[in-house]
Amino acid sequence: MRLHIITTGGTIDKVYFDAKSDYQVGDPVIGDLLRDLGVALSFTVESAMRKDSLDMTDADRALIRERAEACDERHVLITHGTDGMVATGQALKGLADKTIVLTGALQPAAFQRTDADFNIGCAVGALQSLPPGVYIAMNGRVFDIDNVVKNRAENRFEALDEAALKS
């Protein structure tokens with residue numbers, strides 16, 4: 001499997017600037033993470049943008065779609081901010097013969113107690129086993145893009161049918 005990774009920013013790539021008491025999206029971290037973990041697959045990394053997903057526009061989502069469509073690889077991993085992940089996933093539907101998994105982190109990858117490594121590992125595993133389509137890998141689960149919602153109160157992703165049962 002050849003994997004193409006598109007980075008868009010989001011919490012996974014955020015760094016803390018103490019002098020400013022501020023978080024900003026920094027350089028993409030996924031390439032270094034995969035190399036440090038000794039991941040034994042071929043991958044390329046492309047930075048599409050460095051944005052918080054709350055700041056993404058339809059034009060940004062169109063650019064992400066163009067990049068996913070243009071790459072030669074059939075397996076595409078997109079690192080993304082969690083708040084806009086579902087909307088971007090919806091914008092990626094219908095790309096023939098592509099398996100696309102979006103993932104991110106609720107805590108920056110630079111933090112000691114981050115979910116970034118776990119979510120990336122889950123996403124890479126999902127890419128190797130899923131048929132073409134668009135998915136989200138977060139919180140130890142993989143969701144079809146048409147059956148997922150971010151539960152902001154619980155700060156996790158859930159299947160739509162699970163969320164409906166809670167309300």
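A salt bridge is here a side-chain nitrogen of Lys or Arg within 4 Å of a carboxyl oxygen of Asp or Glu. The model is predicted, so local features need pLDDT of at least 70 and side-chain atom pairs count only at pLDDT 80 or more, whereas totals for chains, interfaces and linings use all residues. Residues are numbered from 1 along each chain as its sequence is written, and side-chain values use heavy atoms, with hydrogens and water left out.

**Close-up A. Asp83, Lys150 and Arg152 are linked in a network of salt bridges.** The closest N and O atoms are 3.3 Å apart in the pair of Arg152 with Asp83. This pair links distant parts of the chain, 69 residues apart: Arg152 is in the loop between strand 9 and strand 10 (156-158), and Asp83 is in the loop between strand 5 and helix 3. Helices (H or I, at least four residues) and strands (E, at least two) are DSSP runs numbered from the N terminus. In the pair of Lys150 with Asp83, the closest N and O atoms are 3.1 Å apart. Lys150 belongs to strand 9 (residues 149-151), so its pairing with Asp83 ties together parts that are 67 residues apart in sequence. Relative accessible area is classed as buried (under 20%), exposed (over 50%) or partly exposed (in between), with a 1.4 Å probe and protein chains only. Lys150 counts as buried at 11%, Asp83 as partly exposed at 28%, and Arg152 is exposed at 52%.

**Close-up B. Asp146 forms a salt bridge with Lys93.** The closest N and O atoms of this pair are 2.8 Å apart. Asp146 lies in the loop between strand 8 (141-144) and strand 9, and Lys93 in the loop between helix 3 and strand 6, so parts 53 residues apart in sequence are tied together. Asp146 is partly exposed, with a relative accessible area of 43%; Lys93 is also partly exposed, at 34%. A search of the whole structure finds 9 salt bridges.

**Close-up C. The largest nonpolar core has 22 residues.** Such a core is a set of buried Ala, Val, Leu, Ile, Met, Phe, Trp, Tyr and Cys residues joined through side-chain atoms within 4.5 Å. Ile78, Leu92, Ile100, Leu102 and Ile136 touch the most other members. Among the elements that each supply at least two residues are helix 2 (58-70) and strand 6 (99-103), while strand 7 gives the largest share, 3 residues.

**Close-up D. Leu102 touches residues including Ile78, Met85, Leu92 and Ile136.** Contact means heavy atoms within 4.5 Å, and residues up to four places away in sequence are not counted. A second, separate core of 20 residues includes Leu34, Ala109, Ala126 and Ala137.
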